[in-house]
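Welcome! Here are some exercises to work through with the structure open, each followed by a worked solution.

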Amino acid sequence: MPGDARHDLVVVGAGIVGLAVAREALLRRPGASVVVVDKEDRVAAHQTGHNSGVVHGGIYYEPGSLKARLCVEGARLMYDYCEEHGIPHERCGKLVVAVADDELGRLDALELRGRANGVPGLRRVGADEIREVEPNATGLAALHAPNTGIVDYGAVARAIAAEVERLGGEVRLGVEVGGIVAEPGGDGARVDVTGVGTGGPSVLAARRVVVCAGLWADRLARGAGAPADPRIVPFRGAYLALRRTAEPVVRGMVYPVPDPDLPFLGVHVTKHVDGGVTLGPTAMLVPARDAYRLRTLRGRDAWETATWPGTWRVARRFWRTGATELRMAASRRAFVEAAARYVPSLTLDDLDGTTHAGVRAQAVARDGSLVDDFVISTTGGVVSHLRNAPSPAATSSFALARELADRVGL
Ligand SMILES: Cc1cc2nc3c(=O)[nH]c(=O)nc-3n(C[C@H](O)[C@H](O)[C@H](O)COP(=O)(O)OP(=O)(O)OC[C@H]3O[C@@H](n4cnc5c(N)ncnc54)[C@H](O)[C@@H]3O)c2cc1C
């Protein structure tokens, strides 16, 4: 690591959002000195490499919210990027299926949202048309979003990292940020780092800093003087893989009508770009921010979750949902039954025995609300923290990068 003159931009986090921010900066200011650092030894090590791989259409989000605007714009930019860079993707479409009478009103509300958000091609379909779109799905009515698609976000992140380096930026892996201090007078910031090539604790000087630290976003923000509220509470999402068959059980994606009080979309059946199909993800509060295995427990993570008043308020409010999630964690049968409500042919025999999981960086406010929208906070005028960027932040990443670049004055 060179003596490090002052960089124009330091980005913390080599997930898809941080990398997209670095790319955006280099496109806006060719020749700028841009460095991305990540504590892991590879890009996309956390949420970006552990998700459903869905390019969301923008149906679910409150009209006017950052999620609504940036998801619709981000999906368009994501498809453009994949086409330009030859990254496999497919606009295979998605159905949100109502299977019970009491879900029809919620489907109406979703349709209104989707239309207000300008989701391309969104249409309402009846029971017969559900079968035309997805022969193995069943329900009373559904929303069909033909522009919703699939991609491997890890592959997109690796392509962006290569582009950042081609444009003259640097991606430094194995470098952990311990703290960020804005200099007085809005004149830049100091980023304290340790790790590979740093020769012990050292400092990166930067004119601007953008922090896209996902599951650890709240810690870096707090340390930099931002308010303690909201806190990241890790929610694990587990998937079960289906056996490969000549004709996959779905042509695209089939989702349930979600609980409007929760930011999670419910167990869905999703095709992936490698041809596999998964059921999931569940949503279970876990005692580690990297709980890819169910038994992982980290003292600091567990302590921070347990001492946050919002956690207990969420637990009280959603104890029924929590019990269902626990049942699915304990029983594959319960898991498959959740998906079989709208794809009835699914049985335990369809599972191939493999599972994988991701952990959502969900911000929970002190009052117990699950923060719905993306949250960006700025300290000292030159440091921007992305504090809540769960789904659909991968879909939205190129649009989020533009938003973050604007906010930090790039
Ligand atoms: C189960 C699940 C399913 C999902 N499904 C979808 C989907 O289908 N579609 C969609 O659009 N979104 C989906 N998402 C959400 C999406 O994956 C995330 O919103 C997105 O990947 C966030 O990207 P990011 O770059 O902000 O964070 P991340 O990918 O988590 O990257 C953050 C990076 O910061 C680094 N970091 C943290 N702290 C430090 C530090 N102190 N020093 C150095 N580096 C640090 C981490 O190592 C990490 O690499 C899903 C998420 C999960 C968990």
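**Exercise 1.** Find which domains supply at least three residues each to the shell around the ligand.

Solution. Domain 1 (7-48 + 155-229 + 373-407) and domain 2 (231-364) each do so; their bounds come from an automatic or database domain assignment. This is a predicted model, where local features need pLDDT of at least 70 and side-chain atom pairs pLDDT 80 or more, while totals for chains, interfaces and linings use all residues. Residues are numbered from 1 along each chain as its sequence is written, and side-chain values use heavy atoms, leaving out hydrogens and water.

**Exercise 2.** Describe the shell around the ligand by residue count and class.

Solution. Start with the count: 38 residues surround the ligand (a heavy atom within 4 Å). Asp 38, Thr 48, Val 54, Ala 389 and Thr 395 are the closest. Next, sort by class: 18 are nonpolar, 15 polar and five charged.

**Exercise 3.** Locate a polar backbone atom that lies 2.9 Å from a ligand nitrogen.

Solution. Go to Val 177, whose backbone provides that atom. Then look at Pro 390, where a polar backbone atom is 3.3 Å from a ligand oxygen.

How values were computed
Polar contact = N/O pair within 3.5 Å; in protein donor to acceptor, adjacent residues only side chain to side chain. Nonpolar A, V, L, I, M, F, W, Y, C, P; charged D, E, K, R; others polar.
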